[in-house]
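Thanks for making the time this morning.

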Amino acid sequence: VIPGQVEYKRRDYLSLIESLQEKRPENLLFILLGKSKHAFGDGADLEQRIKESGLEKYFKLWDGFVSNEEFYGYLQKADLVLPLIHPNHASGKLYENPISGAWNMANSYQIPLLMERVWSDFGEFQDSAFFYEAHHMSAFCGQLQEIISRSYYHKEDWKISIQRHHY
């Protein structure tokens with residue numbers, strides 16, 4: 001799942017498309033869980049690029065608002081959350097200080113994150129994420145079953161009693 005409205009400045013969707021052109025794994029669906037067609041969005045362009053690349057079977061998009069019921073239903077069933085925030089992309093600059101809602105959602109539901117290696121230095125991600133290098137995104141496509149089957153969220157900090165105390 002890639003949560004949030006579709007905007008190129010917020011997520012590096014084009015690197016994902018590029019990587020899928022290199023390696024096209026079976027049984028993979030990227031659910032872009034947010035409105036793709038809006039005033040500041042890039043959904044129409046992204047949809048066109050997906051079609052031009054012949055990658056339609058790998059993506060599910062919504063033109064408009066995704067209801068809360070549908071949003072959280074998909075999120076709860078997700079194997080991974082992919083923020084697509086990369087250091088040499090506008091998204092990396094955008095999220096230098098504020099955090100992405102994708103991180104909070106993944107942590108709340110204890111869904112493993114699939115993140116660019118730059119985030120591996122942050123303690124809160126060390127047992128909640130699998131890391132890749134943005135310029136080698138296609139490498140994780142061959143490892144998906146292994147990535148999904150790993151165990152995550154072992155730190156004491158993830159226990160509900162600890163979280164409740166902090167927040």
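Predicted model: local features only at pLDDT ≥ 70, side-chain atom pairs only at ≥ 80, totals over all residues.

Tyr 74 has a relative accessible area of 27%, so it counts as partly exposed, where buried means under 20%, exposed over 50% and partly exposed in between, with a 1.4 Å probe and protein chains only. Residues are numbered from 1 along each chain as its sequence is written, and side-chain values use heavy atoms, with hydrogens and water left out.

The structure holds 12 aromatic pairs, counting rings of Phe, Tyr and Trp (for Trp the six-membered ring) whose centres lie within 6.5 Å, with planes under 30 degrees apart called stacked, over 60 edge-to-face and the rest tilted. One of them joins Tyr 74 to Trp 62, and because the planes stand at 80°, with the centres 5.3 Å apart, this pair is edge-to-face. It links distant parts of the chain, since Trp 62 belongs to strand 3 and Tyr 74 to helix 3 (residues 68-77), 12 residues apart; helices here are DSSP runs of H or I with at least four residues, strands are runs of E with at least two, and both are numbered from the N terminus. Trp 62 is buried, at 11% relative accessible area.

What lies over the face of Trp 62? That is Lys 60, at 4.6 Å from the ring centre, the rule being that NZ of Lys or CZ of Arg is within 6 Å of the centre and within 35 degrees of the ring normal.

Phe 71 and Tyr 72 form another edge-to-face pair, 5.1 Å centre to centre with 75° between the planes. Phe 71 is buried at 12%, whereas Tyr 72 is partly exposed at 34%. Elsewhere, ring pairs link Tyr 95, Trp 103, Trp 119, Phe 122 and Phe 125 into a cluster.

Now to the helix contact. Helix 1 (residues 13-22) and helix 2 (residues 43-52) pack at about 5°, their axes 11 Å apart, where axes are lines fitted to C-alpha atoms over the stretch in contact and angles run from 0 to 180 degrees between N-to-C directions. The contact (heavy atoms within 4.5 Å) is made by Tyr 13, Leu 14 and Ile 17 of helix 1 with Leu 46, Arg 49 and Ile 50 of helix 2.
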